[in-house]
Amino acid sequence: MTDTAARATSVVAPTRVRRRLRGGGPRAGTVAAFLTPFFLPFLLFYLVPVGYALWQSLRVVRRTGGQYGTSYTAFGGFEQYAQVLRNTEFWSSIGRIGLFGVVQVPVMLFVALVIALLLDTPLLKLKAFFRITAFMPYAVPGVIAAIMWSYLYSPQLSPVVDLLNGIGLKPDFLGPGAVLWSTANVSTWLWTGYNMLIMFSALQSIPQELYEAAKIDGASNWTIAWRVKVPIIAPSIVLTSVFSIIGTLQLYAEPAVLRQISSNISSTFTPNMLAYTVASGNNYQQAAAISVVIAVITFVLSFGFMRLTSKRAGL
Amino acid sequence: MSNPSVIRESRVSRTAVMALMLLLAVYFLLPVYFLVVAATKPQGDLAATNGLVFSHFNLFENLRVLFTRSDGVFGRWALNTVVYAVLGAAVGTLISALCGYALAKFPFRGREVLFSVVLGGVLVPTTALALPLFLLFSATGLVNTYFAVFLPSIVSPFGVYLARVFANASVPQELIESARLDGAGEFRTFFSVAFRLMTPALVTIFLFQFVAIWNNFFLPMVMLQKESLFPITLGLYEWNGQTARAPLLQQSVITGSLVSIVPVIIVFVLLQRFWRTGLAAGSLK
């Protein structure tokens with residue numbers, strides 16, 4: 001999610017258009033020499049695949065002469081999309097990820113905000129240690145994080161399960177009801193520190209004088225944190241929310257790893273797992289349509305969330 | 001303030017804050033600590049002993065098994081990961097820097113249009129690209145080669161965005177003009193003047209792209225069948241899937257996970273300030 005997450009930054013950021021006088025710049029050939037090393041692979045490995053996915057999603061496989069005839073692809077309009085929308089597995093994967101997002105994202109961002117605020121108060125010692133500790137999981141790829149946690153979930157190996165058994169709880173982290181939240185925990189562990197650091201960077205750029213007035217009025221650290229700091233860094237909070245929504249919809253590696261040890265994760269657990277499964281069955285057109293639908297839902301949710309919050313808070 | 005109740009209150013809240021942060025620190029460190037402990041144990045002790053307590057120290061034997069298993073395929077995966085993530089991020093940073101610099105400093109027609117296209121690219125989730133890329137690459141015979149993972153990984157629209165922001169902020173136009181007056185060509189100017197001024201920014205771009213590639217599991221998974229081409233993540237994933245049939249693999253999955261994350265964690269902690277520059281630039285500009 002990093003990349004997508006980090007990428008979303010630019011959505012919020014207004015581009016600074018600086019008009020300059022024409023002329024005086026290098027020759028067109030030189031400009032092209034600077035641009036081509038990026039734009040050529042960008043064209044080939046970004047724009048062409050996007051176009052290809054859109055085109056594929058409008059095609060269908062037909063057969064000549066019944067079940068045993070040769071197959072060929074033809075233009076099918078929105079047939080693939082209609083199939084996606086009729087697919088109950090698609091909707092249950094969306095529902096699952098929706099539930100995941102509605103719970104995991106606010107919990108993670110709240111914890112991130114609390115850590116960022118505490119790191120920004122004089123109340124706390126060992127700040128560098130806590131900051132680094134929280135950020136450290138960001139260096140761990142999703143697959144390895146999920147492997148690590150899967151050992152902590154496994155009834156045979158986990159010291160956590162042993163501990164909880166010892167005090168009379170019988171946890172089943174991989175059970176049908178719990179496995180979604182076990183996945184959510186891996187995401188939370190991975191991304192809390194990253195989100196915290198974005199909020200913390202924003203807090204650090206607030207000039208100290210802003211707090212002086214509040215302090216003179218006798219406001220406590222608590223009041224300053226929630227009434228002064230949080231509203232100021234609201235844009236960063238919106239930003240991290242958008243990252244997280246995007247990341248949630250792309251979820252793949254973590255549930256795929258947990259699937260190796262839990263039968264309660266199906267091959268269509270998340271929308272991306274569904275797309276992969278459908279593609280593995282050689283139904284590329286349907287997989288392309290699923291990918292496009294996921295991308296569209298991502299755009300709509302991200303922009304919707306930004307519009308909603310900016311209206312409400314007047315950002 | 002000398003009001004005693006205020007002082008007591010602040011002592012109580014200091015303690016509460018410290019307790020909360022320690023609890024969170026335990027949460028963040030627990031899986032890594034577990035991994036360190038588990039990596040030092042013989043396979044037999046994994047299930048038989050408490051996972052949080054060291055038992056027989058067997059780390060070196062575990063490492064030997066890890067690096068010799070299947071003709072040393074793990075070392076190969078590590079090397080592949082360096083090629084994909086380190087080399088890929090380095091090439092990616094260079095082309096992003098050239099492009100971002102040109103978009104920031106050269107006046108030319110269509111500049112804003114090109115930049116908008118790049119920003120659009122920022123929004124495309126990489127997982128959405130993997131499947132169509134697979135189809136395109138299988139048509140051209142690129143599937144199951146280094147290029148299948150390497151080439152798409154060097155493209156980072158976000159890197160171009162950051163490079164443009166940083167070039168605007170850190171390379172004064174006057175310096176470029178004076179280098180031009182001295183007769184330096186545009187590339188010479190870029191590499192001798194701009195590159196140096198942009199170095200901290202380029203480290204940030206490199207780090208972001210490194211993480212993106214290091215984390216991108218979907219692309220290699222879709223593209224590669226040949227084990228010898230896998231990055232570490234895909235290799236460990238495959239091994240992890242076989243532990244039900246070959247339980248002894250478990251220890252290698254654990255040791256392999258530890259070996260692959262420790263160097264990255266160290267580098268990240270050492271380069272912390274670059275993250276903060278990047279995150280601040282990304283979110284505030």
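**View 1. H6(A) and H8(A) are oblique to each other.** Angles under 35 degrees count as roughly parallel, over 145 as roughly antiparallel, 65 to 115 as roughly perpendicular and the rest as oblique. In this predicted model, local features need pLDDT of at least 70, side-chain atom pairs count only at pLDDT 80 or more, and totals for chains, interfaces and linings use all residues. Residues are numbered from 1 along each chain as its sequence is written, while chains are lettered from A and ligands numbered from 1 in the order in which they are written. The axes of helix H6 (residues 142-153) of chain A and helix H8 (residues 179-204) of chain A cross at roughly 130° and come within 10 Å. Here axes are lines fitted to C-alpha atoms, for helices over the stretch in contact, with angles from 0 to 180 degrees between N-to-C directions. Helices (H or I, at least four residues) and strands (E, at least two) are DSSP runs, numbered from the N terminus.

**View 2. Side chains of both helices meet where H6(A) contacts H8(A).** From H6(A) come Gly142(A), Ala145(A), Ala146(A), Trp149(A) and Tyr153(A), and from H8(A) come Ser182(A), Asn185(A), Val186(A), Trp189(A) and Leu190(A). Residues are in contact if their C-beta atoms, placed from the backbone, lie within 7 Å. Seven of the contact residues are nonpolar, three are polar and none is charged. Ala, Val, Leu, Ile, Met, Phe, Trp, Tyr, Cys and Pro count as nonpolar, Asp, Glu, Lys and Arg as charged, and the others, Gly among them, as polar.

**View 3. Chain A meets chain B through 86 residues of chain A and 83 residues of chain B.** Helix H2 (residues 28-57) of chain A gives the largest share of the chain A side, 17 residues. That side divides into 59 nonpolar, 21 polar and six charged residues.

**View 4. Chain B is built with 14 helices and zero strands.** Its radius of gyration is 24 Å, well over the 19 Å that the globule rule gives for 285 residues, so chain B is more spread out than a compact globule. The radius is taken over C-alpha atoms, and the rule is 2.2 Å times the number of residues to the power 0.38. Along its principal axes, the C-alpha trace of chain B spans about 75 × 75 × 35 Å.

**View 5. Chain A has 14 helices and two strands.** Its C-alpha atoms fill a box of roughly 85 × 75 × 35 Å along the principal axes.

Conventions. Contact = placed C-beta atoms within 7 Å.
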